[in-house]
Amino acid sequence: MALWDQLGGLFGSEEGGVSGAVQQLLERNGGLSGLVEKFQQGGLSEVVGSWVGTGENLPVSAEQIQSVLGNEQLAALAEKVGIDPQQLSANLAEYLPQLVDKLTPNGALPEEGGLLSHGLDALKGFFKH
């Protein structure tokens, strides 16, 4: 079973397409490390670093999500999961810090290919609260 199928099985669909959008976001940006790098390049190194690190997660706004990911990518993701791009940005702003935090429980990005053993147990029920 592919990583994305396993992620999909862990995420509920209750959160307005966020689980599908996160899967697509990771696929389109080179996995977790690629997504973190995109936020760093977008001027949010301190913010994304707080999500990976073991301290408190700094917040991110929907506007910052939009700035980093770009309108085109957000529109494509929103269309794929069936929600409005602005709603997707807001949902990602709410859940992405927590998700990255859960995927990096030791304060570091998992080794390439180590995502399955490194973070999926922590994600069970993440979108089912």
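Predicted model: local features only at pLDDT ≥ 70, side-chain atom pairs only at ≥ 80, totals over all residues.
Read along the sequence, the protein follows the pattern α-α-α-α-α-α-α-α. There are eight helices and zero strands. The protein has 129 residues, of which 43% count as buried. As for the contacts between residues at least 6 apart in sequence, 64% of them join residues at least 24 apart.

Let me turn to the interior. In soluble globular proteins, nonpolar side chains tend to be buried together. Here, the largest nonpolar core holds 29 residues, and the members that touch the most others are Phe39, Trp51, Ile65, Leu69, Leu92 and Leu96. Two or more residues of this core come from each of helix 2 (18–28), helix 3 (31–41), helix 4 (45–52), helix 5 (62–69), helix 6 (71–81) and helix 7 (85–103). Helix 7 provides the largest share, eight residues.

Setting aside residues up to four places away in sequence, Leu69 touches Leu25, Leu35, Lys38, Phe39, Leu74 and Leu92.

Leu69 belongs to the buried set of helix 5, together with Ile65 and Val68. An α-helix has 3.6 residues a turn, so residues three or four places apart point the same way. The buried residues of helix 5 pack against helix 2, helix 3, helix 6 and helix 7.

The face of helix 5 turned away from that buried side carries two exposed residues, Glu63 and Ser67. Glu63 has a relative accessibility of 56% and therefore counts as exposed, the cut-off being over 50%. The C-alpha atom of Glu63 is separated by 8.9 Å from that of Gln86, although the two residues are 23 apart along the chain. Just after helix 5, Gly70 takes a positive phi of about 85°.

I now come to the helix pairs. Two packed helices are described by the angle between their axes and the distance between the axes.

I begin with helix 3 and helix 5, which pack at an angle of about 105° with their axes 9 Å apart. Helix 3 is thus roughly perpendicular to helix 5. On the helix 3 side the contact is made by Leu35, Lys38 and Phe39, and on the helix 5 side by Ile65, Val68 and Leu69. By class, these residues divide into five nonpolar, no polar and one charged.

How do helix 6 and helix 7 cross? Their axes come within 9 Å, at an angle of roughly 95°. Helix 6 is accordingly roughly perpendicular to helix 7. Helix 6 contributes Leu74, Ala75, Leu77 and Ala78 to the contact, while helix 7 contributes Pro85, Leu88, Ser89 and Leu92. Seven of these residues are nonpolar, one is polar and none is charged.

The pair formed by helix 3 and helix 4 has an angle of about 150°, with the axes 7 Å apart. Are these helices roughly parallel or roughly antiparallel to each other? They are roughly antiparallel, because the angle is over 145 degrees. The contact involves Val36, Phe39 and Gln40 of helix 3, and Ser45, Val48, Trp51 and Val52 of helix 4. The division in this case is five nonpolar, two polar and no charged.

Helix 4 also deserves attention for its buried residues, which are Val47, Val48, Ser50, Trp51 and Val52. Their cover includes helix 3 and helix 7.

Thr104 is located in the loop between helix 7 and helix 8 (115–123). Leaving aside neighbours within four places in sequence, Thr104 is in contact with Leu32, Trp51, Val52, Leu109 and Pro110. Two of these partners, Trp51 and Val52, were named above among the buried residues of helix 4.

To close, I return to two residues. Phe39, one of the members that touch the most others in the core, takes part in the contact of helix 3 with helix 4 and in that of helix 3 with helix 5. Leu92, also on that list of core residues, takes part in the contact of helix 6 with helix 7 and touches Leu69.

Key: Residues numbered from 1 in each chain as written. Heavy atoms only, no water. Core = buried A, V, L, I, M, F, W, Y, C linked by side-chain atoms within 4.5 Å. Buried < 20%, exposed > 50% of the residue type's maximum accessible area, 1.4 Å probe, protein only. Helix = DSSP H or I, 4+ residues; strand = E, 2+ residues; numbered from the N terminus. Contact = heavy atoms within 4.5 Å. Axes fitted to C-alpha atoms, helices over the stretch in contact; angles between N-to-C directions. Parallel < 35°, antiparallel > 145°, perpendicular 65-115°, else oblique. Nonpolar A, V, L, I, M, F, W, Y, C, P; charged D, E, K, R; others polar.
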